[in-house]
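Welcome, and thanks for taking a look at this one with us. Please open the structure below and keep it in view as you read.

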Amino acid sequence: MRTFIFLILNSLGCFIFLFNTVPLSAQTLAHDRVQLIQRGQNFSNWLEATWQTNYPNPTAYTRQSVQDMKEAGMKSLRLPVTFAHFTDQLPPYNIHTDNMTFALIDSAIVWAEELDMILIIDNHHGWEISTGNYLEQIPRMAAMWKQLAEYFNELDPERYFFEIWNEPPLLLPESIIRPFYQACIDSIRTVTTQHTLLIGAHAANLGLALAVTTPYEDNNIIYTFHVYEPYNFTHQGFPWAQPFPFPTGTPFPLNNNDTLLTNIFYSVSGWRDTNNVPVFLGEFGVGIHADYQSRCNWMSHIGNLITELNIPWIYWDWQYDFSWFNELPSIEENVISCFKEALHLYEDITVGNNDFQKQIPQILLYPNPLDSSMDLKILTSQDLKQIYITDLSGKVLKHETLKSVNVEEEFSISLSEFSTGTYFTVFTTSNGQFTLPLLLR
């Protein structure tokens, strides 16, 4: 979670912006299982927190903690673990499952079973990857995951999912990160094909990175993204924030950053629907040092988006830096009222990727990155009416009205007046709007 995201908009130059067009097909096992996630809670600052002096803290979470989460309406749990901490640096990369941490993992497994909740076992921090060492680290991660798949293979695949890698380094391109995911998929699948895998994008699981990712061929994958934008707001006041602590006093919204959040969610949901793949929000949160009203504003905005776009979610923090409680203990009487309203806490509601057959245009946008013009090709029969090019704040910079567009018709929009940078392309159709990120080099 603590990956630095403040410079994300300057790092998007490493992305490949081709909007994927995979024909709609029948629901898969992963589609069914994403429905089970619904709403959930991370076991934050526990088995990934190797910096703590009492690591691994045997009492940080208990069965009662999970019972409290369930009473708040949570259906799923995510368990971040620094597995790299227990994996040898040299071949054959043995993982030391005799470490006390694995006994605590087993406790979480039992709690999920007893309380009828989904448990995501997440490979979290500890991977120091660079352009200089990544080729040596790929086989290490793949070997680790094969051993983990063997260790957890007897777990019920309807209840226990495997998340391959939390937040790959922000500034490394997909060409470096994708081989890790593929090697781990291949490694795990030699052990089990039944367990669902969770995969994010390069660039720290950012939504904009996921929205330009080519889905993997394995159809038992749920895709995930994280939302902490704007980072200098959600992480203000924390001394550990990188590359430097952000001062307190930053409000939300500010300078249309609520529009940026909207565009991120619409980019992800458009990618999900067009590719017919399941997606969930694996981390989000706003820190305790933001002012009360701004925290409420941010959470209300997020709540509206995940409800409107039907996105399952797992909140980052339960009782620490991003807690949704005014004070401990973590019970309904102490929950922040605006968080309760925005996330429908202590209510029995259904959340999920149910609307996969939503008819939106499939559009090929090329070349990627773009130069002086944007070429579009419509691949499905739809009534495409308007195209807007906006900056990251949502300000409309160009507007095109289309009288009619035929299937397989190609047309271009000049971008010669635009400077290098990242933009959004907003398409208005008879069925609503969807958004794609756009990189101009």
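## A hairpin and its turn

β11 and β12 make a hairpin, with five residues between the two strands. In the turn, Gly394 has a positive phi of about 100°. This is a predicted model, so angles like this one are computed from predicted coordinates.

The strands themselves, β11 (residues 384–390) and β12 (residues 396–401), pair in the antiparallel sense over five bridges.

## The chain as a whole

The protein chain holds 12 helices and 15 strands. Of its 441 residues, 60% count as buried. Among contacts in the chain with a separation of 6 or more, 75% are between residues 24 or more positions apart.

In soluble globular proteins, nonpolar side chains tend to be buried together. Here, the largest nonpolar core has 109 residues, and Phe43 and Trp324 touch the most other members. Leaving aside residues up to four places away in sequence, the residues that Phe43 touches include Tyr61, Val66, Met69, Leu77, Leu79, Ala108, Trp111 and Leu119. Glu48 and Arg78 are also among the residues in contact with Phe43.

A second, separate core has 14 residues, including Ile387, Ile389, Phe418 and Tyr423.

## Helix α4, end to end

How far apart are the end C-alpha atoms of α4? They are 22 Å apart, which agrees with the 21 Å that the 15 residues of this helix (residues 100–114) should span at 1.5 Å a residue. At the N-terminal end, Asn99 caps the helix, with a side-chain oxygen 2.9 Å from the backbone nitrogen of Thr101. Just after α4, Asp116 takes a positive phi of about 55°.

Which residues of α4 are buried? They are Thr101, Phe102, Leu104, Ile105, Ala108, Ile109, Trp111 and Ala112. Seen down the helix axis, these buried residues of α4 fall within an arc of 165°, so they line one face of the helix. An α-helix has 3.6 residues a turn, so residues three or four places apart point the same way. The buried residues of α4 pack against α3 (63–71), β2 (76–81), β3 (118–123), α5 (134–151) and β4 (160–163).

## A threonine in a loop

Thr213 sits in the loop between α8 (207–210) and β6 (221–227). Is Thr213 buried or exposed? Thr213 counts as buried, because its relative accessibility is 3% and the cut-off is under 20%. A polar atom of the Thr213 side chain lies 2.8 Å from the backbone oxygen of Ala209.

Methods: Residues numbered from 1 in each chain as written. Predicted model: local features only at pLDDT ≥ 70, side-chain atom pairs only at ≥ 80, totals over all residues. Heavy atoms only, no water. Helix = DSSP H or I, 4+ residues; strand = E, 2+ residues; numbered from the N terminus. Expected span 1.5 Å × (residues − 1). Buried < 20%, exposed > 50% of the residue type's maximum accessible area, 1.4 Å probe, protein only. Arc of directions from axis to C-beta. Contact = heavy atoms within 4.5 Å. Polar contact = N/O pair within 3.5 Å; in protein donor to acceptor, adjacent residues only side chain to side chain. Pairing = 2+ DSSP bridges. Core = buried A, V, L, I, M, F, W, Y, C linked by side-chain atoms within 4.5 Å.
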